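Biologist: Before we go through the labels attached to this fold, could you show me what they are attached to?

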Amino acid sequence: MDNFTSGSIFFLMGFSDVRGIQVLHAMLFLLIYLAALLGNLLIITLTTKDHQLHTPMYFFLKNLSFLDFCLISITVPKSIMNSLMNHNTISLLGCISQVFFFFLLASTEVALLTVMSYERYVAVCHPLRYDNIMGHRACMQMATTSWVSGSLNAILHTASTFSIPMCGLPEIHQFFCDVPQLLSLACSYNIGELVAIGISLVLDFGCFVFIDIFYIYIFSTVLRMPSREGRHKAISTCLPHLLVVTLFLSSAFFAYLHPLPKYPSLLDLLVSVFYTVVPPTMNPLIYSLRNKDMKMALRKLIKNIYNVSI
């Protein structure tokens with residue numbers, strides 16, 4: 001096939017064309033998707049209904065859960081449906097939508113994770129100034145800035161990715177429309193998208209550096225705490241945060257920086273899972289559901305539902 005930019009269909013090759021593996025993939029993704037939806041919707045519900053959770057930390061957590069809810073919903077359901085129906089097509093409009101919303105949500109999440117690490121830094125290292133620094137207006141400005149930066153990044157990537165005609169077979173060796181795979185289909189070098197990827201990687205790396213710096217200050221302050229229980233609690237909370245951020249960004253860096261083979265290996269497909277599926281599933285467990293305040297809010301919600309039902 002020659003130029004197919006004006007066409008209407010791409011083929012998502014997914015993990016395998018073996019029927020049994022397709023069904024297994026669909027069932028596994030369905031379980032992960034339901035777990036992610038339940039966890040993130042529960043956090044959004046609790047932080048909205050419980051007035052004791054109307055604090056800056058839980059305000060950002062609610063934003064993160066909403067991002068994760070949407071991020072996993074733009075890629076996984078389509079992949080599940082394709083595997084179950086053995087029908088691996090996606091329309092051009094659907095592919096454009098996946099690229100736009102993926103970059104919108106993923107870029108916003110990186111910015112928000114940086115803001116959340118700053119909030120924890122202020123809470124641990126400057127507790128007496130916390131209320132002044134993390135006021136309602138400041139929190140709204142930081143959240144808005146995260147969303148605006150994500151929107152601009154999404155527009156830039158979407159416009160540059162689909163601005164150049166694509167040639168050859170419209171096959172995307174991935175379970176969703178990922179930009180590296182789309183770039184391999186371009187008729188010529190897409191300088192605009194390469195520049196956009198470079199800018200994004202620099203900004204993401206900058207966010208990662210800031211997150212590391214904030215956590216270094218947090219750990220140094222925590223280690224000076226006289227209470228052993230307090231040190232253990234702070235470290236057990238912060239380390240999983242840092243682990244998920246590192247996994248999210250390092251897998252994305254690998255996917256967008258390493259030379260893309262004509263036919264990606266299983267490793268390339270698994271790496272994409274680490275920045276599309278794993279964070280939205282793990283964040284509810286790491287950031288909130290292990291939290292004592294969240295557990296109390298959950299008990300209150302269950303109690304209220306029980307009282308209403310009887």
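Predicted model: local features only at pLDDT ≥ 70, side-chain atom pairs only at ≥ 80, totals over all residues.

Modeller: Residues are numbered from 1 along each chain as its sequence is written, and side-chain values use heavy atoms, with hydrogens and water left out.

Biologist: What makes up the contact of H4 with H8, by class of residue?

Modeller: The residues meeting there include Val-110 and Leu-113 in H4 and Phe-210 and Ile-211 in H8, where contact means heavy atoms within 4.5 Å. This contact of H4 with H8 divides into 14 nonpolar, 3 polar and 2 charged residues, given that Ala, Val, Leu, Ile, Met, Phe, Trp, Tyr, Cys and Pro count as nonpolar, Asp, Glu, Lys and Arg as charged, and the others, Gly among them, as polar.

Biologist: How do you know that H1 is roughly antiparallel to H2?

Modeller: Helix H1 (residues 19-49) and helix H2 (residues 56-73) pack at an angle of about 150 degrees, with their axes 9 Å apart. That angle puts the pair in the antiparallel class, so H1 is roughly antiparallel to H2. Among the residues making the contact are Tyr-33 and Ala-36 of H1, with Tyr-58 and Leu-61 of H2, and by class the contact of H1 with H2 has 11 nonpolar, 5 polar and 2 charged residues.

Biologist: What makes H4 roughly antiparallel to H6?

Modeller: The axes of H4 and helix H6 (residues 136-161) come within 7 Å and cross at roughly 150 degrees, and therefore H4 is roughly antiparallel to H6. The contact of H4 with H6 has 14 nonpolar, 9 polar and no charged residues.

Biologist: Why is Glu-109 called buried?

Modeller: Buried means under 20% relative accessible area, exposed over 50%, and partly exposed in between (1.4 Å probe, protein chains only). Glu-109 has a relative accessible area of 0%, so Glu-109 is buried. Glu-109 has its place in helix H4 and, leaving aside its neighbours within four places in sequence, is in contact with residues including Leu-64, Asp-68 and Asn-283.

Biologist: Why does Phe-210 count as partly exposed?

Modeller: Phe-210, which is found in helix H8, has 48% relative accessibility, and therefore counts as partly exposed. Phe-210 and Val-115 are 95 residues apart in sequence and 9.5 Å apart in space, C-alpha to C-alpha.

Biologist: What makes the phi of Asn-86 worth a remark?

Modeller: Most residues other than glycine have a negative phi. Asn-86 has a positive phi of about 55 degrees although it is not a glycine, and Asn-86 lies in the loop between helix H3 (76-85) and strand E2 (89-91).

Terms used:
Helix = DSSP H or I, 4+ residues; strand = E, 2+ residues; numbered from the N terminus. Axes fitted to C-alpha atoms, helices over the stretch in contact; angles between N-to-C directions. Parallel < 35°, antiparallel > 145°, perpendicular 65-115°, else oblique.
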